[in-house]
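Subject: Structure for you to look over

Hello,

Here is the structure I said I would pass on. Please open it first, then read the notes below.

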Amino acid sequence: MSALLAVEIPYWGQSLLRVLGGIVAVLLPAGTIVYLFLFKMMSFMQSRLGPMEAGPFGSMQLFAEVGKWLQKEDIVPAEADARIYKLAPVIVLLSTFLLVVVVPFGPDAYFVDFSAGVFYALAIGSVSVIGILVAGWSSANKYSLLGGLRAAGQLIAYELPMVLAVVGVVIQAGSMNLQDIVVAQNSGSIFGWDGVGFPFVLTQFVGFLVFMIAVQAELTQVPFDMPIAESELVSGYMTEYSGFRFLIFFIGEFATAGVFAFIASVLFLGGWGVPFSWFGWEGLDDVDNWMNIGGPLIMFTKMLVLTGIIMWVRFSYPRFREDQLQRFAWKVLIPISLANIALTAIVKVAV
Amino acid sequence: MWAEPSAGYMHRGYEKLTEVRTFPQVTSLINRIDWLGSFANEVPFILAAEKLMDIEAPPRAQHIRTILFELSRIANVGLFLGDLGVQMGAVTPVFMAFRDREYVLNLIEGATGGRFHPNFDRIGGLKDDLPKGWIDETKQVMKKLRRFCDEIDDLLFGNEIFQSRMRGVGVIPSDIALQYGLSGANLRASGVEWDLRRDQSLPMAWDKVDWKVWTHPDGDSWARCWVRLQEVRESTKIVDQLLDTIPAGPVMAKVPRIIKVPEGEAWVSTENPLGEMGYYVVSKGDLGPFRVKIRSASFNNMSIAPWVLKGVYVPDIITILASLYFILGDIDR
């Protein structure tokens, strides 16, 4: 099996695989999240069945929905800045694709191996703000504009605790390379016991919490969905969008949820790896080839758990008020994550 | 921030329409005023007509009337509790509210034949007696409703975000509330202990059971919602106690076949789900009323909107309006 996988693939073949892999890595989580959580979990929480007609247990419902959206008219408001208006959803989805590039799914199953992968991920993660701001601005609609501005303010406010939460992990791993962070967690040991490796969620639990809250806000999911608050702003920056452009926003929302969950699992939950001691691996080079298949599956499972939590919160919480939301970021999350960094650094130096 | 409610877009002319209806026909009209608690709309009108005719429903009819009245309060305010969440982006509570309101509607349907518009109350009593097995079923449903109240208490009222959105927002002091003629839970949430079920003696069964008027000293959005939650709980207790004590006997008093209401004027108001609802009925001795003035709760409750919405944040408008709880049909009639 490993000999089969170790076959030399030409460069164009590798590139093609990466393109296909990238599409799968973005769209498969998005589709799974939408079906599993948005359709089914939400329905069961609300004592209904959800879609049941299309396919077994409504599993093909998503394709029906996509078909519906593709058929709808692509409306551009007369006053809108048409070119930018059309471009905006693409920017949002593009940022998701750029983000997934950095995530490692296995010892060799990665797209790009940046030495400063964390830095890249957090930088690219904020590109979607531009798309959202531009969407709101170019729609020539007061609700869109307000939604876009709220989104910009919110994403910038929550970018900071997210970055600060990750710094703790970077200090502990001693590297900004995501692959190294995975290896550090799986080859590590807790007081000499290496049965489960050393996932950073154990020491960085505060960071993990802050990171997940910030992710919730970055995704504008419910307690933080002020930009699209439907009882105030119709649908925020998406108000004027219809048809496949709305679909792109929609996919972008859930694909980004999946990708952020990937990153969170890499940073805090040990990523694609299994504890290296189980198979006697010493480092990255010893890892068996089958992890290139097993790694993505492990990642996918962890992603489902994390997005499950995100969606669970989304379906059961009411939303913040705009000022409360900003106050929560600046007065609660940022001080907590700064204290976390200080503590991590002190312990790191001391130990 | 500044707001002015502009009523009249749903005006259906009920006051005028009653003048060309006979007395028994009016109930089918007026139970569409507050469409979530329809049966409660019929009661004060029937009581006013009975007052003019100087007849009183038999005790069994009074009990069943009160039970149905409280059931329509539960159906109405239960939905409000779920709707609160959806106004603030929490989608789940509203489905729970719809799920459990369904049980109450089934009960109302079982007893009256109509889910939303029972048209069951008659001058001198009720159209029919209760069906077989209804009492046991109602007791089961009341248990479910109490569980629903606990669920909402946990899911919404216990939520920090909900509290931070509601507490201290839209505060109405008791003197302002009285000046604007607020009634119902909106008034009680401002600390005024005022409940028409207790404070006046009507031929209904509220004085025969043990219950409590809930008030809250704060007068903010939180208080209004909390008082309503407690009232749903209290209503289930009222229903439970009444079910145990329904007297035997007829459900209809002796009334003439063709109802002619003697000349005179009568005002009867009751504590409806939304607040005080009253009918001022003027009769000239004909088959139908000469003039009916409807005092509906939402109209007066909404009159405070310009005062309470002055200078609040835009997102707070949602919570304040939701907590004032109005029904459009009840504003315009």
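**Tyr180 of chain B**

Tyr180(B) sits in the loop that links helix H8 (174-179) to helix H9 (185-188) of chain B. Helices here are DSSP runs of H or I with at least four residues, strands are runs of E with at least two, and both are numbered from the N terminus.

This is a predicted model, in which local features need pLDDT of at least 70, side-chain atom pairs count only at pLDDT 80 or more, and totals for chains, interfaces and linings use all residues. Residues are numbered from 1 along each chain as its sequence is written, while chains are lettered from A and ligands numbered from 1 in the order in which they are written.

Is Tyr180(B) buried or exposed? Tyr180(B) counts as buried because it has 20 C-beta neighbours inside 10 Å. (Buried takes 20 or more other C-beta atoms within 10 Å of the residue's own, exposed 12 or fewer, partly exposed in between, with C-beta atoms placed from the backbone.) Leaving out residues up to four places away in sequence, Tyr180(B) touches Asn300(B), Ser303(B), Ile304(B) and Trp307(B). Contact means C-beta atoms, placed from the backbone, within 7 Å. Trp307(B) is 127 residues from Tyr180(B) along the chain, yet their C-alpha atoms are separated by 9.4 Å.

**Chain B as a whole**

Chain B has 15 helices and 5 strands. Of its 333 residues, 51% count as buried. Its C-alpha trace spans about 60 × 40 × 30 Å along the principal axes. Among contacts in chain B with a separation of 6 or more, 75% join residues 24 or more positions apart.

**Where the chains meet**

In chain A, 19 residues are in contact with 21 residues of chain B. On the chain A side, helices H10 (230-233), H12 (291-316) and H13 (322-350) each give two or more residues.

**The core**

The largest nonpolar core has 203 residues, and those with the most contacts inside it include Val166(A), Phe211(A) and Ala49(B). Such a core is a set of buried Ala, Val, Leu, Ile, Met, Phe, Trp, Tyr and Cys residues joined through C-beta atoms within 7 Å. Helix H7 (residues 142-173) of chain A supplies the largest share of this core, 17 residues. Val166(A) touches Val118(A), Leu122(A), Phe211(A) and Leu267(A), not counting residues up to four places away in sequence.

Regards

Conventions: Two residues are in contact if their C-beta atoms, placed from the backbone, lie within 7 Å.
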